[in-house]
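Dear colleague,

I am passing on the structure we spoke about, with the sequence alongside, and below it you will find my notes on what came out of it. Please keep in mind while reading that this is a predicted model.

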Amino acid sequence: MTQKLYETDSYVQTFTAQVLACTPVQGGFAVVLDRTAFFPEGGGQPCDTGTLGAACVLAVHTDGATITHTTDAPLTVGGTVEGCIDWPARLDAMQQHTGEHILSGTLHRLFGAENVGFHIGTPYVRMDTSIPLSAAQLAQAEAEANAAVRADTPVRCWVPDPETLAHTEYRSKKALDGDVRLVEAGGDCCACCGTHLAHTGEVGLIKIISYAHYKSGMRLAVACGQRAYDAVAGIWADTEAAGRLLSSPVGSLAPALERLQNGETALKARLAALQNTLADAYAAAAEPGQPSVLWVDGADGDGLRRVAMSITAKTGAACCTLAPGGQGLAYALASAPGGDLRETCKALNAAYQGRGGGKPGFCQGSLASGSFEQVKDFLLNTL
Ligand SMILES: [Zn+2]
């Protein structure tokens with residue numbers, strides 16, 4: 001059985017140990033020590049990486065009793081080796097893990113929500129709850145969890161005797177046999193074998209980044225510690241950049257965006273009206289019986305359609321309207337009454353790398369190559 005240094009002191013970064021076994025395995029060497037500070041993967045927390053002597057530790061696993069390190073080089077059995085864990089990665093895991101305890105405990109205390117899933121991923125921690133929660137409930141839990149962080153109380157990890165355990169209230173994802181390691185953080189008590197910070201204040205900040213309904217509860221993306229700071233700083237920078245674009249200070253972006261949206265709606269209505277007027281004007285100038293190909297600069301897809309249809313209605317002949325758009329040149333093709341322009345549309349697409357199609361009476365699309373003059377000559381020869 002490997003002595004687990006991280007269970008009694010999660011701040012051990014370097015240690016010496018005796019090499020008990022070293023066997024070649026796929027991807028490296030399986031190394032067993034008499035003691036280790038390397039946390040094995042488990043309970044949603046990734047394993048530690050680092051070095052054992054000159055060898056890199058790539059992965060760490062446990063069967064519960066023995067901890068096996070996968071290294072990239074062999075170690076001398078019977079020899080002593082110095083272990084060094086990747087401390088920034090471990091500290092990050094401890095910040096996420098301890099923050100998760102505090103937030104899960106708060107959600108449980110306030111709303112009776114159980115944590116049914118936890119994974120320290122990148123860039124955020126995934127947390128699943130057993131019941132649906134509203135935005136207001138999540139905001140309240142986040143606020144109270146951060147108050148527990150600022151209270152900076154000690155985090156306690158211990159293994160109670162069976163009788164004490166029987167009289168202790170604690171959260172657990174599953175029924176446990178034998179020794180149960182309890183972790184008390186910010187007023188919450190939970191069975192856990194992971195590594196934690198010594199005081200809640202070291203978590204710094206807990207931020208729920210996003211949430212969505214998932215199965216019978218919620219799936220949260222959460223950042224704690226340095227990750228929470230990085231997320232908030234990044235979101236703040238992004239928000240300020242948006243504020244500069246909107247000429248609005250951070251804090252009043254929503255009304256500024258609403259004004260922008262209302263303005264866009266009004267512009268769309270004006271554009272539609274102008275395109276109708278344009279279609280009428282083109283139709284008034286069109287000569288009956290003559291197929292036509294026209295440049296209608298500024299018209300969007302709807303405008304091209306309106307102009308082409310109104311000209312055809314006046315002339316009784318096919319009409320194509322073109323303007324910059326789509327892949328390069330946007331077109332609308334309206335056929336003479338009872339006509340079918342689909343073959344013409346296909347030929348046009350084939351000639352100028354176009355995409356598009358439609359019904360017998362009307363086709364629409366865009367061309368990646370060809371100038372207006374080329375397309376006009378092509379169509380007047382075809383229509
Ligand atoms: Zn834990």
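**Helix packing and backbone details**

Helix α2 (residues 87-111) packs against helix α3 (residues 135-151) at an angle of about 125°, and their axes lie 9 Å apart. The two helices are therefore oblique to each other, and the crossing that α2 and α3 make is right-handed. On the α2 side the contact is made by I102, L103, T106, L107, R109, L110 and F111, while α3 contributes Q137, L138, Q140, A141, E142, E144, A145, A148 and V149. Of the residues in this contact, ten are nonpolar, three are polar and three are charged.

Helix α6 (residues 253-285) has 33 residues, which at 1.5 Å a residue should span 48 Å, and this agrees with the 47 Å between its end C-alpha atoms. Within α6, the residues L253, A256, Q275, A279 and A283 are buried, and what covers them includes α5 (225-246) and α7 (301-315).

Some backbone details in the loops may also be of interest. Most residues other than glycine have a negative phi, and most peptide bonds are trans. T122 and P123, however, are joined by a cis peptide bond with omega of about 0°, and P123 sits in the loop between β9 (115-120) and β10 (125-129). K215, in the loop between β14 (206-214) and β15 (217-224), is not a glycine and yet has a positive phi of about 50°; its relative accessibility is 76%, so K215 counts as exposed. Q353, which is found in the loop between α8 (342-351) and β19 (354-359), likewise has a positive phi of about 50° without being a glycine, and Q353 is exposed, with a relative accessible area of 54%.

Best wishes

How values were computed:
Residues numbered from 1 in each chain as written. Predicted model: local features only at pLDDT ≥ 70, side-chain atom pairs only at ≥ 80, totals over all residues. Heavy atoms only, no water. Axes fitted to C-alpha atoms, helices over the stretch in contact; angles between N-to-C directions. Helix = DSSP H or I, 4+ residues; strand = E, 2+ residues; numbered from the N terminus. Parallel < 35°, antiparallel > 145°, perpendicular 65-115°, else oblique. Left-handed = near helix turned anticlockwise from the far one by under 90°. Contact = heavy atoms within 4.5 Å. Nonpolar A, V, L, I, M, F, W, Y, C, P; charged D, E, K, R; others polar. Expected span 1.5 Å × (residues − 1). Buried < 20%, exposed > 50% of the residue type's maximum accessible area, 1.4 Å probe, protein only.
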